[in-house]
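Me: I'm new to this structure and would like to get to know it step by step. Could you show it to me first, and then we'll go through some questions together?

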Amino acid sequence: MARVEIENITKRYGHLEVVHGVSACIEDGEFVILVGPSGCGKSTLLRMIAGLEHISDGTISIDGEVVNDVAPKDRNIAMVFQNYALYPHMTVAQNMAFSLKLSGLGKDETRDKVGNAARILGLEKLLDRYPGQLSGGQRQRVAMGRAIVRDPEVFLFDEPLSNLDAKLRVQMRAEIKSLHQRLKTTTIYVTHDQVEAMTMADRIVVMRDGLIEQVGSPLDLYDEPANLFVAGFIGSPTMNFIEGAMEADIFRGTGGIECHSNLPAAFHGALVAGIRPDKIKLGKSGGPFEVLVVEPTGAETQVVVQSGDLQLVALVQGRVTYRPGESVGVTLDETAVHFFDARTEQRIEHLDRNLGSVSRQ
Amino acid sequence: MSTSVRPKTKFRHSRLSARNREWIAGYLFVLPDALGLLVFLGLPMLLSLVLGLYDVDGFGAYRFVGMANYTKMMRDPLFWQSAKVTALYALMLVPLLYVCGLSLALLVQKTNRFNGVIRSMFFAPHMVSLIVVALVWQFLVVDKIGVLSRLTPALGLGGISFLGDPDYALFTVVAVSVWFLMGYYMLIFLGGLQDIPAMYYEAATMDGAGPIAKFWYITLPLLKPTSFFVIMISMVAAVAGSQAFDIIWVMTGGGPANSTSVLIVYIYQQAFSFGAFGYAAAMASILVISLMAMTGLMFLLTRGGRFSYE
């Protein structure tokens, strides 16, 4: 097990800089997820940790030792690739044993290690199959097996679940998490799926355009997003944003939204208020909002409403009787409203969140 | 008044099922090529098979002789000599083309401007007529005045007669054939190499494989379909390729002492030098049949270049 330190890492392809001096520290045994939209530099960062990409500037250390110029095989890390990258001409057992064979390990020991990994992952019956004869989930497990047999200090996962269907993804998510709880190996995991990040990570690193936007535990990011980007990226359905400004202690936003706030009195700039869909209550019919779409999912129902230019998504527990075209009132849970500076997009801290709920019907 | 048999429906229905229409369209598309092959390859092959049963003088006289041409072949020492030379030529050419083609492809695999130029250079011989290639090489290796012939004494190898010595002539024409063909095989291997996804090499890097391990465990096994194709077509090229005839015909004419007389050269001589068209046709038939048998066997053994994991 090991601690991974990333200090001021920059990646340039020719003149194009794609990662701009990023720093982070992954503690021993921690499960950290790098998340962000496509092209944010998360995979590049992971590949630099793996040693598959040259580091333009900065240092990466594993257990206190700078590994910038250490060959990938000598970093004692194992990687699970997005497309599994299982060797198609080797059986499951041969795939898992390949690294051991190259390291010159004896036959008996190799068989033990492969057998052990196969047992952990439930692959015992598939050892003689070829990757082409396996299902997506089984291939995924073999890819993990290949990483496990090496008993590495760090596991790297590069979007390992993106090729699986939705149901299998949920199942494998749980398997990876329980595997980590069992092996306690430091894990760095890249995904663009914030649900994966939320459900699996000890800590999440949110990236955008080659920079880190915020680092924190899943619920910290959910409860106190540092900026508009993180607020919009974490959480599903995504947070609603309402542009507006303070007038005395009342925030007046587009669509006629109003809510009380005790923002620092000096703050007079343009604001964006953010509210999670489950913190919006829909009132009785006859309000200023029009129901556009109703999406029932069984346990809860997602309702899209509109007033003027403002569209809001509300998440209602249970089932609703709203119909498209119906007019409704909207109530915000004022304790749950986040405020962001419209210019810098940064979060503005509340002084006191204990305000009564006042609504506009 | 409508007398249509089909009842009026909302959609226009085709008389043919969608599947049949696709089937017919497919065959219509390959029909022109199939016809061309049949008329210009299939028919002549069939005719030459028939011709092998006749004694033909080339002036219009045909006399049915049954299997006489074939029994003559069995007793003809020059036929057996040519068969032996053909086998030797193929046994040298096929592995050399494989090794040279693959080595060149590995060398120029990375795409950059420099390698682009190198690739074009290796392929350049194919831009030139084979006859010209053979003449230029003849000029380079001809006794006494050839550039290479003058070089060998300087290197202490003595005055080697590349084309005049029966011990060397076959090696010389093999070398020229390899030189001419390897650029083409390089291209085929380049295509094969590009088909191997980079992720396997990255996974192998993580698994601790160096360049040699990557070649043995990743490149070579995953190149199997390409290798199969290369060995198959280089075998055909060795036995019946235009380079085998043109280079040998121009550089040695099959000599000295029949040491480079491959079957297609001998067949040509029998037909057009000695007018034994029937005999030549019989030998050509044997050549084609044995080639078909060889490729067929290879196809069966490797299941058409597919492998157990598919």
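**Getting to know the model**

Reply: Let's start with A:Asn8, which lies in strand β1 (residues 4–13) of chain A. Helices (DSSP runs of H or I, at least four residues) and strands (runs of E, at least two) are numbered from the N terminus. This is a predicted model, in which local features need pLDDT of at least 70 and side-chain atom pairs count only at pLDDT 80 or more, while totals for chains, interfaces and linings use all residues. Residues are numbered from 1 along each chain as its sequence is written, chains are lettered from A and ligands numbered from 1 in the order in which they are written, and side-chain values use heavy atoms, leaving out hydrogens and water.

Me: Thanks! What phi does A:Asn8 have?

Reply: A:Asn8 is part of β1 of chain A. Although A:Asn8 is not a glycine, its phi is positive, at about 55 degrees.

Me: Is A:Ala85 buried or exposed?

Reply: A:Ala85 is found in the loop between β6 (77–80) and α2 of chain A, and has a positive phi of about 50 degrees without being a glycine. The terms work like this: buried means under 20% relative accessible area, exposed over 50%, and partly exposed in between (1.4 Å probe, protein chains only). Because the relative accessible area of A:Ala85 is 0%, this residue counts as buried.

Me: Which residues is A:Thr91 in contact with, leaving aside neighbours within four places in sequence?

Reply: A:Thr91 is found in the loop between β6 and α2 of chain A. With a relative accessible area of 11%, A:Thr91 is buried. Counting contact as heavy atoms within 4.5 Å, and leaving out those sequence neighbours, its partners are A:Leu127, A:Asp128, A:Arg129 and A:Tyr130.

Me: What from chain B is included in the cover of the buried residues of α2(A)?

Reply: Helix α2 of chain A spans residues 92–102, and its buried residues include A:Met96, A:Phe98 and A:Leu100. Part of their cover comes from α3 (107–121) and α4 (136–148) of chain A. From chain B, the cover includes α8 (198–206) and α9 (211–222).

Me: What area is buried between chain A and chain B?

Reply: In this interface, 23 residues of chain A are in contact with 17 residues of chain B. Buried area is the accessible area (1.4 Å probe) that two parts lose on being put together, summed over both. Carbon and sulfur atoms give 70% of the total, which is about 1,900 Å².

Me: Which residue of chain B meets A:Arg47 in a salt bridge?

Reply: A salt bridge is a side-chain nitrogen of Lys or Arg within 4 Å of a carboxyl oxygen of Asp or Glu. The rule finds 1 salt bridge across the interface of chain A and chain B. At 2.4 Å from N to O, the partner of A:Arg47 is B:Glu202.

Me: Which residues are linked in a network of salt bridges?

Reply: A:Glu53 pairs with A:Lys11 at 3.6 Å, N to O. That pair links distant parts of the chain, 42 residues apart, with A:Glu53 in the loop between α1 (42–50) and β4 (57–62) and A:Lys11 in β1. A:Glu53 also forms a salt bridge with A:Arg47, at 3.3 Å between the closest N and O atoms. The network consists of A:Lys11, A:Arg47, A:Glu53 and B:Glu202.

Me: Which two residues are joined by a cis peptide bond with omega of about 0 degrees?

Reply: One of the pair is found in the loop between α8 (228–233) and β11 (240–247) of chain A, namely A:Pro237. The cis bond joins A:Ser236 and A:Pro237.

Me: What relative accessible area does B:Leu35 have?

Reply: B:Leu35 sits in helix α1 (residues 18–51) of chain B. B:Leu35 counts as partly exposed because its relative accessible area is 46%.
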